[in-house]
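Take a walk through this model with the coordinates open.

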Amino acid sequence: MSATSRPRPRARHRGVFPVVPTTFTESGELDLDSQRRCVDFMIDAGSNGLSILANFSEQFVLSDDEREVLTRAILEHVAGRVPVIVTTTHFGTRVCAQRSRRAQDQGAAMVMTMPPYHGATIRASEEKIHEFYARLSDAIDIPIMIQDAPVSGTTLGAPFLAKLAREVEHVAYFKIETAGAASKLRELIRLGGDAVEGPWDGEEAITLLPDLDAGATGSMTGGGYPDGIRRIVDPYLAGRREEAVLAYERWLPLINYENRQCGLLAAKVLMKEGGVIACDAPRHPFPAMHPAVRAGLLETARRLDPMVLRWGR
């Protein structure tokens with residue numbers, strides 16, 4: 001077994017935890033029937049766990065009341081079949097802590113937050129970010145995943161992330177989505193040691209293979225084809241790197257199409273095509289997918305025969 005394919009010690013949570021899209025009706029209301037079917041499909045397709053209310057869930061178009069409705073409805077429907085990560089990002093420390101505590105009380109296995117930010121210019125210093133996560137940790141008893149993503153506009157260096165892992169009790173997981181993710185994961189693992197329980201990949205798995213080589217033990221992708229991502233992650237974590245490489249090469253065109261052409265609408269379009277959900281529309285003012293892009297996505301997916309295209313048929 002090569003050094004790059006040696007599994008890390010088993011963490012509480014590892015594997016494929018895709019983001020659950022939020023389903024709406026054509027008029028923009030929550031569609032909880034489709035939401036439950038979406039969750040059932042994603043579990044049937046092999047998700048090791050689920051992530052809800054993330055950016056790919058269109059969390060930025062949801063009201064606070066709708067967040068509560070979705071959290072409760074999804075966690076009740078999952079009913080412990082798989083662990084669920086609830087995104088609780090908010091600029092306000094108190095609000096984020098309150099959201100996180102409610103998520104824990106409703107059954108969340110972990111919370112995920114970005115560092116505090118607002119708009120294009122309002123940021124917090126490293127000192128305040130450290131206080132933010134320390135106070136969040138004091139409010140809950142479950143792991144915290146820090147989402148290190150460009151959308152926050154906040155630079156989180158590997159030394160600072162490792163410091164948070166060592167000094168803040170429940171900070172143990174890191175979803176790295178910045179440029180050079182593999183190098184950052186490798187440095188985070190080196191500096192954080194055992195305090196970094198879960199170094200994870202994100203960004204639709206576009207850099208999954210180099211991130212696994214760097215030591216990633218989990219991946220948070222889009223929700224359309226967890227069965228395909230499992231075919232990469234499972235053999236890799238079991239030490240069968242060449243099998244994982246071949247699977248990555250096979251699924252990479254679809255991963256690339258989602259990441260570079262479709263974004264958060266890819267999962268919805270695939271689910272609508274496969275009869276999982278009733279409507280693939282986003283909520284205004286987010287634009288709908290162009291018909292030509294939709295056709296390209298479906299053409300690419302059909303070559304792979306993912307479960308999503310036949311689950312509801």
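Arg-294 is partly exposed at 22% relative accessibility. The term covers what lies between buried (under 20% relative accessible area) and exposed (over 50%), with a 1.4 Å probe and protein chains only. Glu-273 is also partly exposed, with a relative accessible area of 22%. Arg-294 and Glu-273 form a salt bridge, their closest N and O atoms 3.6 Å apart. A salt bridge here is a side-chain nitrogen of Lys or Arg within 4 Å of a carboxyl oxygen of Asp or Glu. Arg-294 sits in helix H11 (residues 291-302) and Glu-273 in helix H10 (residues 265-273), so the pair ties together parts that are 21 residues apart in sequence. Salt bridges that share partners join Glu-273, Asp-280, Arg-294 and Arg-302 into one network.

Some ground rules. This is a predicted model: local features need pLDDT of at least 70, side-chain atom pairs count only at pLDDT 80 or more, and totals for chains, interfaces and linings use all residues. Residues are numbered from 1 along each chain as its sequence is written, and side-chain values use heavy atoms, with hydrogens and water left out. Helices (H or I, at least four residues) and strands (E, at least two) are DSSP runs, numbered from the N terminus.

How many salt bridges does a search of the whole structure find? The count is 22. One of them joins Asp-64 to Arg-99, with 3.3 Å between the closest N and O atoms. This pair links distant parts of the chain: Asp-64 is in helix H2 (residues 64-78), Arg-99 in helix H3 (residues 93-106), 35 residues apart. Asp-64 is exposed, at 52% relative accessible area. Arg-99 is buried, at 11%.

Lys-175 and Glu-177 also meet in a salt bridge (3.6 Å, N to O). Lys-175 is buried, with a relative accessible area of 4%. Glu-177 is buried too, at 11%.

Now the sheet. Eight strands form an open sheet in the order E1-E10-E9-E8-E7-E4-E3-E2, and the pairing is parallel. Two strands count as paired if DSSP finds at least two bridges between them. Strands E1 (15-16) and E2 (50-52) are the edges, each pairing on one side only. Strand E7 (residues 144-148) pairs with strand E8 (residues 171-176) over five bridges, in the parallel sense. Asp-148 has Ile-176 in E8 as its bridge partner. Helix H6 (residues 181-192) packs on the sheet, touching E7, E8 and strand E9 (198-201). Contact means heavy atoms within 4.5 Å. The direction of H6 makes about 165° with that of E8. Axes are lines fitted to C-alpha atoms, for helices over the stretch in contact, and angles run from 0 to 180 degrees between N-to-C directions.
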